[in-house]
Structures are given as C-alpha cells and as structure tokens.
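Please open the model in your viewer and keep the selection panel at hand.

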Amino acid sequence: MQLTHYTTNFKKQNHPITLVCDNISNAPNIGSLFRIADAFGITELVFCGENISLGRRITKTSRSTEKYVKHYVESNIETLIKNLKAKKEYLIALEITENSIELSNFKLKTNQPIILILGDENFGISPTILELCDATVHINMYGNNSSMNVAQATSIALYELTKQLNS
C-alpha cells in the first residue's frame, strides 16, 4: 500500500547545510530548491543577486515549503561567502571545473557547517566565488550534455552529502 504525507514514518532530521544560490532566478527552479531543501532538512536557503523573485510564481513547484524553510535574499554573494569563510564554514561549490572532484569520489571530512554553492542557470558559479571554496564537486555526466538542471543537480548532491553526514 502506498503511503501518504500523513502515513509515512520518515524520521525528521536537520543537517548543517546551507544552500547558497549564485543568481538563480528562474521561478520553477527556486520553487524546486525550496522543496528539495525541505526534503533534505537543510539549515537554510540563501538567494544571492538582484531581481530574485520569491513571489507567487514559485509556489506551484515549492508546494508551500517556502512557508517553513528558513531563507533570505542577499544581494552580494561575494560579501556573503567571505563572511561565511571567516566564520569557518566549509564551502563546497557544485560546478564542473578542471579541478573539481566527482561527487561519488568526494569524502566529506569536516565537522564545520557546510555551505553548498549552486550556480546561475546559464553561467554557473562565478570564478571569484570558486576561488574562495574549500572544495569543488561535480556530477559525472554520461550522455551528450555537460550539465543538468540546478534543482536536479542539487538533489543528487544533497543525497550524497546527507548520506555521508548520517553514516
């Protein structure tokens, strides 16, 4: 018998992970990120950039999770990242670079709170931000495309990181 929202027995859990979004502005992606953040019990969601709309257009995909996932908008990502780094938070960029580590080979070896940085839908994470990160991970791609939607990539990354935190 299929279980419903009311009959599942999932253990609620919080993880010391904050998602920082580098200029992600597409409403369906924002809504999906709220839902993913809730599903993985992350600490908070930070949207960085100008013209980030958290209005009605996100609610179809968020399924009301924006009402209880802690979040805010910060206009300057560089200032935010430098402040988080000064607080000794562990910065992980989800981006394909020359030096990125395949996510399935990445071993999380820290007790620090984790910041997972997600890139703009078109341009990824800015080089300035990548330089400030403690680690850069990517998801291996097996088809013709070299990237995937930010929401799907975030789900995969959070699955792996929370699995490591829970083991």
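For sorting residues, Ala, Val, Leu, Ile, Met, Phe, Trp, Tyr, Cys and Pro count as nonpolar, Asp, Glu, Lys and Arg as charged, and the others, Gly among them, as polar. This is a predicted model, in which local features need pLDDT of at least 70 and side-chain atom pairs count only at pLDDT 80 or more, while totals for chains, interfaces and linings use all residues. Residues are numbered from 1 along each chain as its sequence is written, and side-chain values use heavy atoms, with hydrogens and water left out.

**First stop: the second largest pocket**

A volume here is the space filled by probe spheres set on the points, which are joined across faces, edges and corners. The lining divides into 9 nonpolar, 8 polar and 3 charged residues.

**Second stop: helix α5**

Next, select residues 150–166, which form helix α5; helices are DSSP runs of H or I with at least four residues, and strands are runs of E with at least two, numbered from the N terminus. The 17 residues of α5 reach 24 Å from first to last C-alpha, close to the expected 24 Å, a span taken as 1.5 Å times one less than the number of residues. At the N-terminal end, Asn149 caps α5 with a side-chain oxygen 2.8 Å from the backbone nitrogen of Ala151.

Colour Ala153, Ala157 and Leu161, which are among the buried residues of α5 (buried means under 20% relative accessible area with a 1.4 Å probe, protein chains only). The buried residues of α5 pack against β1, α1, β2, β4 and β6.

Now select Phe10, Lys12, Asp38, Ala39 and Phe40, which lie nearest the centre of the largest pocket, among its 19 lining residues. Two or more lining residues come from each of α1 and α5, and α1 gives the most, with 3. The pocket holds about 840 Å³ of space, and its lining comprises 4 nonpolar, 10 polar and 5 charged residues.

Notes
Buried < 20%, exposed > 50% of the residue type's maximum accessible area, 1.4 Å probe, protein only. Contact = heavy atoms within 4.5 Å. Polar contact = N/O pair within 3.5 Å; in protein donor to acceptor, adjacent residues only side chain to side chain. 1 Å grid on protein atoms, 1.4 Å probe; cavity = no way out; pocket = protein on both sides within 12 Å on 5 of 7 lines; lining within 4 Å.
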